[in-house]
Amino acid sequence: MTQKAEMRELLGERVRIRPWQRADTLMQERWPRYSEPFSSLWNIPRPYQPGQDDHQWTGTNEAWAVDLRSGPLIGRISLREIDRRWQSARLGISLAQPYVGQGLGGESLRLFLAYYFGSLGYQRMVLDVAAFNLRAVRCYQRLGFVGIGSEWRHIGNEPVLKLLDEQQYQHLAPYFRRNRFDAQVEFYEMELTRDAWLAAGGALI
């Protein structure tokens, strides 16, 4: 497996993926805030879970920029927990608010997965996603990711949780646990293997 990404540009129908640059970090910091009321809970840190294979992780993160083919930076794809032995890594992806819900995340990941399982030589990708983030969960499922577990993460008494009592958000309530002193949110653990990607007709580049 390639230990360090040496990547050319990847071109999709609407997006371009390229190595992340320092200037991209400044651009990302200027992205507008998400309009979804529960967006602050999308990325609750994953508790460290010691395992026998931790020593195989490289300890480095790798990142790629997602641009529209017309130019602007719209997203970031990253890998962490890169495991040399099992040829596996954990996915991270974020899109700027104006580009959410347009299928650009799915297109970007489909393109990146072809590179991930192809030129980079990985055999497995894992991710964790807030269970209530239904749009993201459906996107991952369409790409072939399957659930392999779930966990509850502590979030304290966030003010936004009061919205769960409103009718328009009550369908999200099963993904939360609340009491007087604390609250938790459910996160799914999902994976996609190279074999499953190819069996579903996924490309390699």
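This is a selection-by-selection tour of a predicted model.

Local features are given where pLDDT is at least 70, side-chain atom pairs count only at pLDDT 80 or more, and totals for chains, interfaces and linings use all residues. Residues are numbered from 1 along each chain as its sequence is written, and side-chain values use heavy atoms, with hydrogens and water left out.

**Stop 1: the largest core**

Select Leu-79, Phe-112, Met-125, Tyr-140 and Phe-145. These are the residues with the most contacts inside the largest nonpolar core, which has 36 residues. A nonpolar core here is a set of buried Ala, Val, Leu, Ile, Met, Phe, Trp, Tyr and Cys residues joined through side-chain atoms within 4.5 Å. Buried means under 20% relative accessible area, exposed means over 50%, and partly exposed is in between (1.4 Å probe, protein chains only).

Now colour by secondary structure. Helices (H or I, at least four residues) and strands (E, at least two) are DSSP runs, numbered from the N terminus. Elements giving two or more residues to this core include β2, β3, β4 and β5, along with α2, β6 (124–130), α3 (134–143) and β9 (183–193). Which element gives the most to this core? It is α2, with 9 residues.

Apart from this core lies another, of 18 residues, among them Leu-41, Tyr-175, Ala-183 and Val-185. In soluble globular proteins, nonpolar side chains tend to be buried together.

**Stop 2**

Centre on Phe-145 and show its contacts (heavy atoms within 4.5 Å). Leaving aside neighbours within four places in sequence, Phe-145 touches Leu-113, Met-125, Leu-127, Tyr-140, Met-190, Glu-191 and Leu-192.

Next, move to Ser-108 in helix α2 (residues 104–117). Is Ser-108 buried or exposed? Ser-108 counts as buried because its relative accessibility is 0%. With neighbours within four places in sequence again set aside, Ser-108 is in contact with Val-15, Ile-17, Val-66 and Ile-77.

**Stop 3: Arg-18 and Asp-67**

The whole structure contains 15 salt bridges, each a side-chain nitrogen of Lys or Arg within 4 Å of a carboxyl oxygen of Asp or Glu. Select Arg-18 and Asp-67, whose side chains form one at 2.6 Å, N to O. This pair links distant parts of the chain: Arg-18 is in strand β2 (residues 15–19) and Asp-67 in strand β3 (residues 62–68), 49 residues apart. Arg-18 is buried at 11% relative accessibility, and Asp-67 is buried at 1%.

**Stop 4: the salt-bridge network**

Select Arg-46, Arg-80, Glu-81, Arg-90, Asp-128, Glu-151, Arg-153 and Glu-189, which are linked in a network of salt bridges. Two pairs can be inspected here.

- Glu-81 and Arg-90: the closest N and O atoms are 3.0 Å apart. Arg-90 is buried, with a relative accessible area of 2%.
- Glu-151 and Arg-153: the side chains meet at 2.7 Å, N to O. Glu-151 is buried at 17% relative accessible area, and Arg-153 is buried at 2%.

**Stop 5: two backbone angles**

Stay on Glu-81, in strand β4 (residues 73–83). Its phi is positive, about 50°, although Glu-81 is not a glycine. Glu-81 counts as buried because its relative accessible area is 18%.

End at Gln-87, in the loop between β4 and β5 (88–95). The phi of Gln-87 is near 50°, also a positive value in a residue other than glycine. At 24% relative accessibility, Gln-87 is partly exposed.
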